[in-house]
Amino acid sequence: MTKLVLLDRDGVVNVERPHYITDPGDVELVPGAGLAIRRLNAAGRRAVIVTNQSAVGRGLIDMVGLERIHDRLRALLAAEGAQLDGVIVCPDPPWAATVRRKPAPGMLLEAMAAHAAGPAETAMIGDDVKDLEAACAAGCRRILVKTGKGAGFAAHGLVPTLEPVAIVDDLAAAVALLLGSR
Ligand SMILES: [Mg+2]
């Protein structure tokens, strides 16, 4: 059974923007995302965001500003009766040597250790091939949503080494798949 559900942030929980999200006002939930996380809460599954935020490493925002954005995200989720069990951030820019920034699995392994979940008990839901690559490296189940960048990746096709990947419309459908009902 999947006990830990790892969520990419932008394009999965909140709406992908054409620019880096640096203002709490830019945070808007993907339709159905609040209810989906609430369903995970109710089913006793842990919901943890694992997010690359190179805007920090690039100097566009600091960790205090990022925390404000996450406060806003938590408030929007709380308004739908949903809560996160954690938010794990990698602030590194793409050019940094890092074991945490996806496609590296560092953040996923941290979450799995923190919640005592093995790879067979963990699923990663993402909108980017980087999320799937990180999940592959961590050995956990992979779900690609078509929100955010996901539709483009799904249309382009995935390399066989990432399979099996379940491709679904959005976070609500991913949670329905994991919980085995609608
Ligand atoms: Mg994303």
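Modeller: Two strands pair if DSSP finds at least two bridges between them; strands (E, at least two residues) and helices (H or I, at least four) are DSSP runs, numbered from the N terminus. The model is predicted, so local features need pLDDT of at least 70 and side-chain atom pairs count only at pLDDT 80 or more, while totals for chains, interfaces and linings use all residues. Residues are numbered from 1 along each chain as its sequence is written, and side-chain values use heavy atoms, without hydrogens and water. Here β4 (residues 122-126) and β5 run parallel, joined by four bridges.

Colleague: Which residue of β5 is the bridge partner of I125?

Modeller: I143 is that partner. A crossover is right-handed if, with the strands pointing away from the viewer, the path from the first strand over the helix to the second runs clockwise. The β-α-β path from β4 through α5 (residues 129-138) to β5 is right-handed.

Colleague: Why is β5 described as largely enclosed?

Modeller: Buried means under 20% relative accessible area, exposed over 50% and partly exposed in between (1.4 Å probe, protein chains only). Strand β5 (residues 141-145) is largely enclosed by the rest of the structure because four of its five residues are buried.
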